[in-house]
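Here is a short briefing to read alongside the model. Please take a look at the structure first, then follow the notes below.

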Amino acid sequence: MAAVTPIKPFSPEETRWILDSLQQPAVFLNMTHDWPVIRWTAEHLSGCLDDRLIRFRLGRKQATNTPLFETQCSYIEATAAQFLRWTQHQTDVGPFSKYPYTEYWAYADYKYITVLFQDQPFMFEDVKWSEFGFEGRNGKESTLWIGTEGANTPCHLDTYGCNLVLQVQGRKRWHLFPPEDTAKLYPTRIPYEESSIFSQVDVLHPDLGKFPGFHGARAHIVTLEPGQVLYVPRHWWHYVESVDPITVSVNSWIELEVDDLARVSEAVTKTVVCAMKSAPSDDNADTWLNPTEEEKSSHNENMQYVNLAVMAFAQRKRGLFHRTSSPDLRDAQPVKRDSYGQIKHRGDGVKVPFGQHLIPVKCQEEEPKKTVPADSSCNAAVSSQEDCSGSAKGKHTCGAHLTRCSSCDCVTLDHGTSEQCSENNQGLGPSLITTNDLLDCLVHPDIISRVTELLLERHRGRHL
C-alpha cells in the first residue's frame with residue numbers, strides 16, 4: 001500500500017496571508033517534508049558539486065567581547081569533499097590543512113544557488129517557496145549556507161525585504177531583536193556592505209561597559225531544526241550560529257514595496273561611506289569594505305546610483321498615484337502600533353493561527369547581564385585582555401592598538417598620539433574621535449532616514 005502524503009497545514013494562499021499579517025518572527029512546521037531540497041545534506045551536495053571550488057570563510061573558535069566581522073576572517077577555495085574530510089579529521093583536505101579543525105569553524109555562506117548549479121538548473125525546482133504563496137519562486141531566487149559548529153553571521157539587519165529560512169541539516173540558533181532596539185544594538189556601517197547594517201555588540205558576550213544600552217535589548221531566541229522554516233520580518237536584527245557539527249540551510253529574501261525607499265537610503269549611505277573612507281588619513285588604514293563587496297565605487301558612480309534610486313522611487317510613487325481612483329482617507333489617520341512598536345495594518349484584527357504548525361519566536365527572559373562597577377579603580381574600563389600590570393590592551397576603532405591604564409583611564413595609541421597620566425592619577429579626557437566614529441553618527445539609520453526625506457522633498461520641489 002502506498003504511503004499517504006501528509007496534508008500541509010496551510011495552503012499557499014493561507015501561508016501568504018499569515019506572512020503578511022505576522023508582526024514578529026515565527027517558525028513554520030510540517031510545511032517542507034516533501035520538498036526535494038530536504039535531501040541537500042553536505043554529503044549529497046558534495047556529490048552534486050563534484051570538484052567545483054567553493055569559497056569558505058574561516059574564523060577562530062574563541063570567545064571575545066567584539067563581533068568577528070567578515071573582514072577579520074580567513075578565506076579559502078576548496079571543494080565540498082575536502083570540507084567533509086576536514087570535519088572528519090582526515091588528511092588530504094587541501095587548503096583546510098592550514099586550519100586545525102579543533103581551532104577553526106568554516107562557513108560557505110551567501111552562495112547563490114543559481115551560480116552553484118548553473119549547469120544543473122533542474123535543481124532549482126527542489127526549493128518550493130511557491131508553497132509559501134510566492135508563485136514561481138524556487139531555488140533560483142535562493143542562497144545556500146554550509147557551516148560547521150560555531151560558524152556564525154555577525155549581528156546585523158537587512159535593509160531590504162524580509163527573509164524566509166529553511167533549515168536542511170543540523171541546527172542553527174537565531175538571536176533576533178526588534179527594529180525598535182536599533183539604538184541598543186549600536187549600529188555601524190563599517191565594515192561596509194550594501195543592504196547590511198552591522199551591530200558593534202557581540203550579542204553572546206556583550207561588553208556592557210562599552211555598550212550599556214544593550215542591557216535593555218529584547219532578545220528573541222530560537223533554535224531552528226531541520227525541516228523548519230523561520231520567517232524574519234523586515235528590519236529585525238539577527239545573529240545566527242551553527243550549533244551542530246555540520247549545518248545546511250537555504251534562504252530567500254522577499255522583496256517589499258518599501259524597498260524603493262530603502263534603495264535611496266542605501267545609495268546615500270554608500271556615497272558618504274565611500275567618500276570618507278577613500279580619503280587619505282592616518283586612521284583610514286583599516287579594512288573597511290566587506291568581502292561581499294567586489295570593489296569600492298567612485299564618487300561619480302555613487303552619485304549616479306543616488307539619482308537613479310531617487311528617480312525610480314518617484315516614478316513608482318507617481319505610478320501608484322495614477323492607479324488609485326481616489327485617495328483613501330484612512331491612510332491619513334495617525335499610525336497605530338502594536339506592543340512591539342510596529343505599525344498595525346488594517347485587517348490585523350484577525351488572529352494569526354499560532355499552534356502546532358506555527359510557533360511565534362517570543363522574547364526571552366534572560367538572566368541579568370553583568371554590569372560594570374562604577375568604581376574608578378575597576379580594571380574593566382576597557383573590554384579585552386588584561387596584562388599582569390593591571391592595564392588593558394585592545395584595539396581602537398580606527399584599527400590602532402591601544403593601552404589603557406585601569407587606575408586612571410589614560411590611553412596610549414601606538415601611532416604616536418597619547419594621553420599621559422597626571423600626577424594625581426586623573427584621566428585627561430576621552431580617546432580621539434576617529435573617522436569611523438564620525439561615520440557611525442553620519443550614517444546612523446535615523447540620520448540617513450531624515451536625509452533621504454530631505455533629498456526626496458528637494459527632488460519633488462524641482463519637478464512640481
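The second largest cavity is lined by Asp 158, Gly 161, Cys 162, Asn 163, Val 232, Pro 233, Arg 234, His 235, Trp 236, His 238 and Trp 253. A cavity here is a set of points on a 1 Å grid over the protein atoms alone where a 1.4 Å probe fits but cannot get out, and lining residues have an atom within 4 Å of a point. This is a predicted model, in which local features need pLDDT of at least 70 and side-chain atom pairs count only at pLDDT 80 or more, while totals for chains, interfaces and linings use all residues. Residues are numbered from 1 along each chain as its sequence is written, and side-chain values use heavy atoms, with hydrogens and water left out.

**Cavities**

- The second largest cavity holds about 40 Å³ of space, where a volume is the space filled by probe spheres set on the grid points, which are joined across faces, edges and corners.
- Its lining divides into five nonpolar, four polar and two charged residues; Ala, Val, Leu, Ile, Met, Phe, Trp, Tyr, Cys and Pro count as nonpolar, Asp, Glu, Lys and Arg as charged, and the others, Gly among them, as polar.
- The model has three cavities of 30 Å³ or more, and about 140 Å³ of space lies in the largest cavity.
- Among the 15 residues lining that largest cavity, Trp 145, Thr 153, Asn 163, Trp 174 and Val 240 are the closest to its centre.
- At least two lining residues of the largest cavity come from each of strands E4 (104-112), E6 (152-158), E7 (162-169), E8 (172-177), E13 (237-242) and E14 (246-254); helices (H or I, at least four residues) and strands (E, at least two) are DSSP runs, numbered from the N terminus.
- Seven nonpolar, six polar and two charged residues make up the lining of the largest cavity.

**Helix H5 and its partners**

- Helix H5 (residues 259-277) and helix H7 (residues 435-442) have axes that come within 11 Å and cross at roughly 165°; axes are lines fitted to C-alpha atoms, for helices over the stretch in contact, and angles run from 0 to 180 degrees between N-to-C directions.
- H5 and H7 are therefore roughly antiparallel to each other (angles over 145 degrees count as roughly antiparallel, under 35 as roughly parallel, 65 to 115 as roughly perpendicular and the rest as oblique).
- On the H5 side, Val 272, Val 273, Met 276 and Lys 277 make the contact, and on the H7 side Thr 435, Asn 436, Leu 438, Leu 439 and Leu 442 do; contact means heavy atoms within 4.5 Å.
- The contact of H5 with H7 has six nonpolar, two polar and one charged residues.
- With helix H8 (residues 445-462), the axis of H5 comes within 9 Å and crosses at roughly 105°, so H5 and H8 are roughly perpendicular to each other.
- Leu 261, Val 264, Ser 265, Val 268 and Thr 269 of H5 meet Ile 448, Val 451, Thr 452, Leu 455 and Leu 456 of H8, a contact with seven nonpolar, three polar and no charged residues.

**Helices H2 and H3**

- Helix H2 (residues 42-49) and H3 pack at about 150°, with their axes 8 Å apart.
- Ala 42, Glu 43, Ser 46 and Leu 49 in H2 meet Ala 80, Ala 81 and Leu 84 in H3.

**Backbone details**

- Ile 190 and Pro 191 are joined by a cis peptide bond, with omega about 5°, and Pro 191 sits in strand E9 (residues 187-193).
- Asp 92 has a positive phi, near 55°, in a residue other than glycine, and Asp 92 lies in the loop between helix H3 (80-87) and E4.

Terms used: 1 Å grid on protein atoms, 1.4 Å probe; cavity = no way out; pocket = protein on both sides within 12 Å on 5 of 7 lines; lining within 4 Å.
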